[in-house]
Amino acid sequence: MWPIGPLMHEHRLIERMIALMAAEAQRLRGGGELDRGFLGAAVEFIRSYADRCHHGKEEDILFKDLAGRDLAPELGALMQELIEDHKYGRSLVGRLVSAREAGDRGQCIAILEELAEFYPRHIEKEDKHFFFPCMELFGRQEKDAMLAAFYEFDRHLIHEHFRAVVEGLEKQPRR
């Protein structure tokens with residue numbers, strides 16, 4: 001298996017969450033009440049899975065391995081665009097958190113819709129225009145090593161996540 005296999009597989013789950021977020025925006029547009037629980041779960045998913053897990057492997061492993069390669073100018077430009085996309089996605093999620101905390105229904109709708117438009121375009125760039133040309137730059141052993149690095153990255157995530165949960169709770173005053 002090529003290292004892009006797990007990344008593309010992760011895209012399918014991200015697409016499912018984005019579809020739920022689009023449906024939530026539609027429900028809200030139809031007069032539904034703000035569902036803070038759903039919004040919290042959506043934010044957690046995007047931050048933990050899409051950004052930390054998925055984008056983490058791209059940025060910390062794939063992009064770093066590509067940095068030492070002689071990339072065609074259009075591929076290098078696309079990689080920079082993807083990095084900017086990741087930053088933009090993080091800013092959208094930060095805005096969604098603020099809108100949720102403020103109970104700003106209109107802003108929540110707008111941001112959910114923006115995320116629902118943004119992520120499919122971003123995923124298409126990676127799946128159809130970036131991943132396969134990148135893999136041509138690596139030999140079999142390098143691809144195997146990258147795939148192993150992806151698995152090792154994932155193995156540590158659960159511990160990182162729950163350590164952060166405990167540390168956050170430790171900082172909260174107890175009554």
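Biologist: How many disulfides does a search of the whole structure find?

Modeller: The search finds 0 disulfides. Please bear in mind that this is a predicted model.

Biologist: Is Cys53 buried or exposed?

Modeller: Cys53 is buried, at a relative accessible area of 8%.

Biologist: And Cys134, buried or exposed?

Modeller: Cys134 is buried too, with 0% relative accessibility.

Biologist: Let us turn to the overall fold. How many helices and strands does the protein chain have?

Modeller: There are 5 helices and 0 strands, so the pattern along the sequence reads α-α-α-α-α. Along the principal axes, the C-alpha atoms fill a box of roughly 55 × 40 × 25 Å.

Biologist: What share of the 175 residues is buried?

Modeller: Buried residues account for 39% of them. Among contacts with a separation of 6 or more, 83% link residues 24 or more positions apart.

Biologist: Now H1. What length does it reach?

Modeller: Helix H1 covers residues 4-29, 26 residues in total, and spans 37 Å from its first C-alpha to its last. That is close to the 38 Å expected at 1.5 Å a residue.

Biologist: Which residues of H1 are buried?

Modeller: The buried residues of H1 include Leu7, His11, Ile14, Ile18, Met21, Ala25 and Leu28. In an α-helix there are 3.6 residues a turn, so residues three or four places apart point the same way.

Biologist: What do those buried residues pack against?

Modeller: They pack against helix H2 (36-67), helix H3 (73-102), helix H4 (105-135) and helix H5 (140-171). Just after H1, Gly31 adopts a positive phi of about 105°.

Biologist: One more topic, H2 and H5. At what angle do their axes cross?

Modeller: The axes of H2 and H5 cross at roughly 145° and come within 10 Å. The crossing is right-handed.

Biologist: Which residues make that contact?

Modeller: On H2 they include Glu44, Arg52, Cys53, Gly56 and Ile61, and on H5 they include Met146, Phe150, Phe153, Leu157 and His161. Cys53, the buried cysteine discussed above, is thus part of this contact.

Biologist: How many of the contact residues are nonpolar, polar and charged?

Modeller: The contact of H2 with H5 has 8 nonpolar, 3 polar and 7 charged residues.

Conventions:
Residues numbered from 1 in each chain as written. Predicted model: local features only at pLDDT ≥ 70, side-chain atom pairs only at ≥ 80, totals over all residues. Heavy atoms only, no water. Helix = DSSP H or I, 4+ residues; strand = E, 2+ residues; numbered from the N terminus. Expected span 1.5 Å × (residues − 1). Buried < 20%, exposed > 50% of the residue type's maximum accessible area, 1.4 Å probe, protein only. Contact = heavy atoms within 4.5 Å. Disulfide = S-S within 2.5 Å. Axes fitted to C-alpha atoms, helices over the stretch in contact; angles between N-to-C directions. Left-handed = near helix turned anticlockwise from the far one by under 90°. Nonpolar A, V, L, I, M, F, W, Y, C, P; charged D, E, K, R; others polar.
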